[in-house]
Amino acid sequence: MEIVKVEGLTKIYGKGSNQVTALNDLHFTIEKGDFVAIVGASGSGKSTLLHIIGGVDSMTSGKVWIDNQDISTLKEEELAKYRREKVGLIYQFYNLIPVLNGRENITLPLSLGGQTIDEDFFKEITSFLKIEDRLDHLPTELSGGEQQRIAIARALLSKPAILLADEATGNLDSTASLEILEYLKRSNEQYGQTIIMVTHDNQLAKYAKRIITMKDGKIIGDERIQNHEIVI
Amino acid sequence: MKSLYKTTLQLLLKNKKRTMATILGVLLSSVLLFSMGFIFSTTRDNSLCDVWKEKGYQHAIFENIQESDMDQFEEKNLSWIVKIKDLSVTTDGWKKVTLSMIDQKGKSLFRLSEGTFPKKETEIMISSHYAEEKNWKRNDQVTIQNQSYQVVGIYNESKIRYYQEGWDASQESIYTGWDSSVDSFDVYVRYKKPTHAFFYIDDTAVGLKKKIDVHVYDGIRINENLLKLEGSFADSKKTMALYEILFVSLFILSFVSYFIIYNSFLLSFQERKKLIGILQSIGASKKQLFHAVYLEIAIIGIIGMGLGFFLSLGIVKVGILFEQELLESIGYRDIQLSFYPQFMFLSFAFLLFTLILSALSPARRAFKARPIENIRLNQEVKLKKEKGKSNKIIKKVFGEEGILAYKNMKRNKKKYRMALISLCTSMILWIGLGTIITQLVDEVEKLEETPGYNISLLLPYEPIQSNLVKKVTNLEEVKDAIVYSTANVTLQTTNESGYPQFLTIKSMDDKSYNAYLKKLGLKEEKAVFVNLEAKRKEDQIVGLQKKFDKEEDIHFEFCSYTHGENHQQKIQGCYYEVNNLYVTEELPEIEESWSDWTKVSKETLLVSERQYREILSAKATYEDKAEEEMYYNKEIYLITDGYKKLDNEIKTIGKESSLYEEVILPNYLNINMTLYNTHMLILGIKFILYGVLGLVALTATTNIINTVNTNRELQRREFAILRSVGLSIKKFKKMTLIETLFLGLKSWLWGLPISLGIVFFLRSIFLQSEKGTFRFPTIYFLTSMIAILLIMILTTIYSVKKIKKENIIETIRNDNI
Ligand SMILES: Nc1ncnc2c1ncn2[C@@H]1O[C@H](COP(=O)(O)OP(=O)(O)OP(=O)(O)O)[C@@H](O)[C@H]1O
Ligand SMILES: [Mg+2]
């Protein structure tokens, strides 16, 4: 079953002579439970694509269906609900709320939706991400890797249809990066979590089941990794 | 939802500086508005109370009215009308006790603590104080002026003649019930709209045939001071000017308040853009974000306005204490603090409205943006091609740091625009209100201008004149003396209402008269027609409601009238004619200033003493009276170095006369002694005005500091990055100072023309009124220009010092909240 369907997606920034075509007529689908890596040169439009799928940026033309829902037609309030419930976004800079502690940051999307927190699932995720004992700390009191794991927990807690990670490890050293990747991979395997991940690092891309390569706003490569078992 | 509220609260708590700056913005505006409200209400209420005590609460008293005249008061939009007849005035110890008859309509003007309002002429009502003093009880039978009365009521508040329980009055009023057989009485009226009072009074006066001339009535006592305080002047232009000034002040105040608050919130939202983006990206809906903003408005509003209210209350209370201290020596009573509920309501409503508007518009803009735009802190940085020329100049003058500062400003236009508006606001506030206050101070100071003399004495009766004038002017202490004689004569002509016109004729002693003629450049003796009203209009001379083509055409004929039926007056015959007049606006030396009764009226004929005698004896002959019976005044003006000694000497001479208490003393004026009281009162008023100015200065200064600080705060991260790539603190300081200088100079560029516009508008208002003057507020322009730069530079130096201590990496790392 396809969870993401993109048809003729185009994104143009700016006007007139400053115009930049970040995405140029994209067509592709992503299956439920897949783990996709998007690679490509800097400025090729990876982040833009992810942001549009995540509902945080607008598209110029085209259609995007997530879980059979056309997000290009969503209204403000519906879009907020979509962001809250359907997607989890992880950024390179962890984007945590500085005044809330770890726990509060993780549960924020759910409490915004007025949903009750599944305490068992919360415990499971936090122990899985090894942050149980860092929950009372403010973001400034955490290391980069810990902050990123909090951000992942925040994205996972609402059981989103897709998890979007934009260079989630770009800021971390290789050990920490691999560790984060390991968590992503396990959540994909353990919970069947659909993941779309943007990365520069070909080494990390190999964790994925499918690699989409972009150049100048177009897809120039799309390959499935047959045997993606990698030994750390 | 709860956690979003929590986030809001924690955000406010954590980012103390930002929150305090926002609260400070609200606080400043509230203090400004509330203290103006307090000062205005307190001043007005206390002045109203003073007038009420001195003159009563009615707008006018019409004297000697008959029952048949009462229809003249119908349909005059009256608030109330009461008939009163004073029966007797006696002294009881040091108190003046007035016994008056009052009709039943007066009932609503009293509050009775006991008993009833008197209905019969044998019943009386007394004040609670007098009842206690006299130990008179209700139903007691008492005797006043050999008449027996029954006390039926005791009042503890009176609107007609001031009385409030607890007030130990020097005057007491006792009221008896109305006796309908009384033939004439006084009518006290109060109109519903004070601004219409003059119109209705005039209307009634014409109907009653009590109008003599424009604003001149016979037997009508208008409570002008009360009407002035209620915003109504006989001269409607003055009323307009008053409202215009009030309007301009309010406009500036609200304009400033709005911008201070708006700026605070705008900066606060700019700082939080990223946070808003994160919240949006994890699914916070617009509604939820708005709810969080409402919470913030509520918290900041309650704290800011609450503190502002109490702070202004404190400021005004302290001000009142000082004021009381200041006025104590002239026996000023307690000043009561008051605040009109309308003012309070309006101020709160305005502040709340401003708060909501200021918070919602940047919020709406931030919430409308795509989450990713907010997270990336996208700013509408527009890169224009830089002008190579200005770059070169800046580089030459300020060096590399100058270029950096210049680019910084060019690219962060929005941030700087807000700072600019804020600085201009301070400037406009200072210059605008400064102008108004100086103008008012000038106006008040005019009261203190001393005339060219020290002592004046008005002698209304012939029997005491000749003797006294000689004695007084010959006193040793007298350095110089001027003696006027004044009389009124009736002219052959009548005014528009059909009454004969009066003309005041005056003569001076020969020495002063010759000096005056010399001042006018006249070689020979000539009657001088002093015409202050309008000497020439369209090449014609206007006088006594007539137009003349040439001076030679003007001549006056003095006549006698007989009183006929129905107030009609008929010319009996004329006895004197003056031709060959000289028309001027110039006054004799001593007339040029001060006290109303020393001034010649708008149209006065100044003649030599010889001619004056001639006129009066002609009149006496014609009317077949002795010359002594001609009613005229003598005015003596004395110049001296020893006013205290002269004061004693004159009083000693005066006491020889039997009319000392009744006539001489009431018409005696020792300016140096009177001036002390006026001086203290003026000091009191100036204290209030300068207090307001101080408040304005404080607001303007705090606003500038606040602006500079927030701007610095917003750039902290940028600066840390600059420093991390090797900008030395010294260079950094230079760059910041150059930036500050640019900003300051730019605020001149905008603030000065706008202020100039406001000043010219104010000028047109102040010059509207008669004899209006206007002083260009150069000092406020200069001080604001210098102060803006100075305060900005000092604040910058201080903030750089603090940044120096900061850890560079910490600052970069700390996400912008
Ligand atoms: N807000 C914006 N305004 C104008 N152009 C933009 C904006 N954001 C991105 N772009 C342009 O769109 C193109 C795609 O940008 P995008 O951020 O998607 O690239 P990317 O593939 O994520 O690059 P990187 O690997 O460096 O993160 C780039 O050419 C970029 O300059
Ligand atoms: Mg990117």
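## Exercises on a ligand site and a chain interface

A backbone N or O atom of S44(A) lies 3.2 Å from an oxygen atom of ligand 1. This is a predicted model, in which local features need pLDDT of at least 70 and side-chain atom pairs count only at pLDDT 80 or more, while totals for chains, interfaces and linings use all residues. Residues are numbered from 1 along each chain as its sequence is written, chains are lettered from A and ligands numbered from 1 in the order in which they are written, and side-chain values use heavy atoms, with hydrogens and water left out.

**Exercise 1.** Describe the surroundings of ligand 1.

*Solution.* Begin with the polar contacts, a polar contact being a pair of N or O atoms within 3.5 Å, where within protein one atom must be able to donate a hydrogen and the other to accept it, and residues adjacent in sequence count only if both atoms are side-chain atoms.

Next, take the shell, meaning residues with a heavy atom within 4 Å of the ligand: 15 residues surround ligand 1, and S42(A), G43(A), K46(A), S47(A) and T48(A) are the closest. Because these residues come from chains A and B, the site is shared between chains. With three residues, α1(A) gives the most to the shell (helices are DSSP runs of H or I, at least four residues, and strands are runs of E, at least two).

**Exercise 2.** Characterise the interface between chain B and chain A.

*Solution.* First count the contacts, defined as heavy atoms within 4.5 Å: 28 residues of chain B are in contact with 27 residues of chain A. The buried area, which is the accessible area (1.4 Å probe) lost by two parts on being put together and summed over both, is about 2,500 Å², with 57% from carbon and sulfur atoms. I282(B), R370(B) and I372(B) supply 23% of the area that chain B buries against chain A, more than any other three residues.

Then turn to the pairs: the interface has three residue pairs in polar contact, both residues at pLDDT 80 or more, and zero salt bridges. On the side of chain B that touches chain A, α1(B) gives the most, with seven residues.

How values were computed: A salt bridge is a side-chain nitrogen of Lys or Arg within 4 Å of a carboxyl oxygen of Asp or Glu.
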